[in-house]
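The following note sets out several points on the aromatic contacts of this model. Please read them alongside the sequence and the coordinates.

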Amino acid sequence: GVCDDKFDLSANKKLILNFFILLFLILLDDNLVIKQLSFSFLEAPIDLRNFSHLFTILCILLFSNALNMFDGINLQVATYCLIIFAIFLLKDIYLILSVILICVLIIFLIYNFFNKMFLGDSGTYVLAFLISYILIKSHNIEQKFTPEEIFIILSLPGLDMFRLFLLRISKGKNPFYSDRNHIHHLILKKFNSFQTFLIIQIFIIS
């Protein structure tokens, strides 16, 4: 993320680098691997077997890109992540880490509100990995979250990214290249930046 902020790496380079970094990390920790999916509407869990490592990397990469793409206006991503860490706190998951991150995010939000500090790719990638790490570990070890709950928590940036990918592919463009068709760009056409932020947070909380 830092390298991308400084040197503006291409989408392909970022994808390759992130893939191998994540591969290295999940090979170090077996509890970070998504081995099966247990949906409430299915009688038996889906066993990923040989695809577990690839599926785990794909999930983290998709969320990292989704959160990065979601970072379009001040306060938006930091508040979204603050809500997620508050959920972790309420569920008694990684309490100390969650409290520290909530405090850091509150301080960041104050500076971000006054245009004094920004997340950038380095910030969004770190937050995305921490959220992914906690969700996967807490699911694998303690079953604190169901796959449906995880999907709901991550749904807004994920669905917006999926919509953008389909839109860009339909126009013959690289799905990873940036444009101004994100959900916040669409809302900004009728509302100011702070109003857009409030509308998106209402979507997230609801």
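Is tyrosine 94 buried, partly exposed or exposed? At 32% relative accessibility, tyrosine 94 counts as partly exposed (buried is under 20% relative accessible area, exposed over 50%, partly exposed in between, with a 1.4 Å probe and protein chains only).

1. The model is predicted: local features need pLDDT of at least 70, side-chain atom pairs count only at pLDDT 80 or more, and totals for chains, interfaces and linings use all residues. Residues are numbered from 1 along each chain as its sequence is written, and side-chain values use heavy atoms, without hydrogens and water.

2. Nine aromatic pairs are found in a search of the whole structure (rings of Phe, Tyr and Trp, the last by its six-membered ring, with centres within 6.5 Å; planes under 30 degrees apart are stacked, over 60 edge-to-face, the rest tilted). Phenylalanine 88 and phenylalanine 145 form an edge-to-face pair, at 5.9 Å centre to centre and 75 degrees between the planes. This pair links helix α4 (residues 76-90) to the loop between α6 and α7 (147-170), 57 residues apart (helices are DSSP runs of H or I, at least four residues, numbered from the N terminus). Phenylalanine 88 is buried at 0% relative accessibility, and phenylalanine 145 is buried at 3%.

3. Tyrosine 94 and tyrosine 133 also pair edge-to-face, at 6.2 Å and 70 degrees. Tyrosine 133, in helix α6, is partly exposed at 24%.

4. Phe113, Phe114, Phe194 and Phe197 form one aromatic cluster.

Note on methods
Helices (H or I, at least four residues) and strands (E, at least two) are DSSP runs, numbered from the N terminus.
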